[in-house]
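Hello,

Here is the structure I said I would pass on. My notes on it follow below.

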Amino acid sequence: MWLVTFLLLLDSLHKARPEDVGTSLYFVNDSLQHVTFSSSVGVVVPCPAAGSPSAALRWYLATGDDIYDVPHIRHVHANGALQLYPFSPSAFNSFIHDNDYFCTAENAAGKIRSPNIRVKAVFREPYTVRVEDQRSMRGNTAVFKCLIPSSVQEYVRVVTWEKDTVSIVPGSEEQRETRPVRRSV
């Protein structure tokens, strides 16, 4: 009985193609979903998929369009990494610098597609945070609002308030004098 099993196994091995033995495709990092990078630095995004034997790695826009190299702007390396080079604000192109991409890996085992990866450039630009002007009579309360430019709102949060260059600490006397309270108008 074992001889028959051995011969059947041996026969199936002879019929197997060499490319079928030990082939696989897998995700190296399928949690990669967002890449935010500074326009002054650029970014290299590795394809989150791989395979054995080595897989052909390709990048696409989320629309399914093949991407192509744009000299000094975007390049796909031989190892499958997508590189977006540093650029000036005047060279911003949302089609390249603020878009969804995905990567595929293909070998004898088949083809897999990564989830979409949001790639977004941000600019290092000076900005000023202001306090909205308020009027109130002495002894009354006023609500102050921190005005953050819309271009940076996503990346900036208010962590402290100051009065006359002194931080206002919750619960302090200074806090009680200037604490923001809503009032009806």
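F37 touches G42, V43, L84, F87, H97, V119, K120, A121 and V122, leaving aside residues up to four places away in sequence. Contact here means heavy atoms within 4.5 Å. Please note that this is a predicted model: local features need pLDDT of at least 70, side-chain atom pairs count only at pLDDT 80 or more, and totals for chains, interfaces and linings use all residues. Residues are numbered from 1 along each chain as its sequence is written, and side-chain values use heavy atoms, with hydrogens and water left out.

**Core**

F37 belongs to the largest nonpolar core, which has 23 residues. Such a core is a set of buried Ala, Val, Leu, Ile, Met, Phe, Trp, Tyr and Cys residues joined through side-chain atoms within 4.5 Å. Buried means under 20% relative accessible area, exposed over 50%, and partly exposed in between (1.4 Å probe, protein chains only). V35, F37, V45, W59, L84, Y101 and V119 touch the most other members. At least two core residues come from each of β2 (34-38), β3 (43-45), β5 (56-61), β7 (82-84), β8 (98-107) and β10 (117-122). In soluble globular proteins, nonpolar side chains tend to be buried together.

**Strand β8**

Seven of the ten residues of β8 are buried, so this strand is largely enclosed by the rest of the structure. Strands and helices are DSSP runs numbered from the N terminus: E, at least two residues, for strands; H or I, at least four, for helices. Strands pair if DSSP finds at least two bridges between them. Six bridges join β8 to β5, and the two run antiparallel. A56 has E106 of β8 as its bridge partner. β8 and β10 are also antiparallel, with four bridges. There, D98 is the bridge partner of K120 in β10. A hairpin joins β8 to β9 through two residues, and A105 stands opposite I112 in β9.

**Salt bridges**

How many salt bridges does the rule give? The count is three. The rule asks for a side-chain nitrogen of Lys or Arg within 4 Å of a carboxyl oxygen of Asp or Glu.

R118 and D98 meet in one of them, at 2.7 Å, N to O. R118 lies in β10 and D98 in β8, so the pair ties together parts that are 20 residues apart in sequence. R118 also forms a salt bridge with D100, with the closest N and O atoms 3.1 Å apart. Shared partners join D98, D100 and R118 into one network. R118 is partly exposed, at 28% relative accessible area. D100 is partly exposed too, at 23%.

D66 and R58 form a salt bridge, with the closest N and O atoms 2.5 Å apart. D66 is partly exposed at 38%, and R58 is partly exposed at 40%.

**Surface and totals**

V131, F144, V158 and W161 form a nonpolar surface patch with about 310 Å² of accessible area together. Nonpolar patches join Val, Leu, Ile, Met, Phe, Trp or Tyr side chains within 5 Å, from residues with over 30% relative accessible area and no salt bridge. Areas come from the Shrake-Rupley method with a 1.4 Å probe. W161 sits in the loop between β12 (146-147) and β13 (162-163), and is partly exposed at 32%.

The protein has three helices and 14 strands. Buried residues make up 24% of its 185 residues.

Best wishes

Methods:
Patch = residues over 30% accessible without salt bridge, like charges linked within 9 Å, V, L, I, M, F, W, Y side chains within 5 Å.
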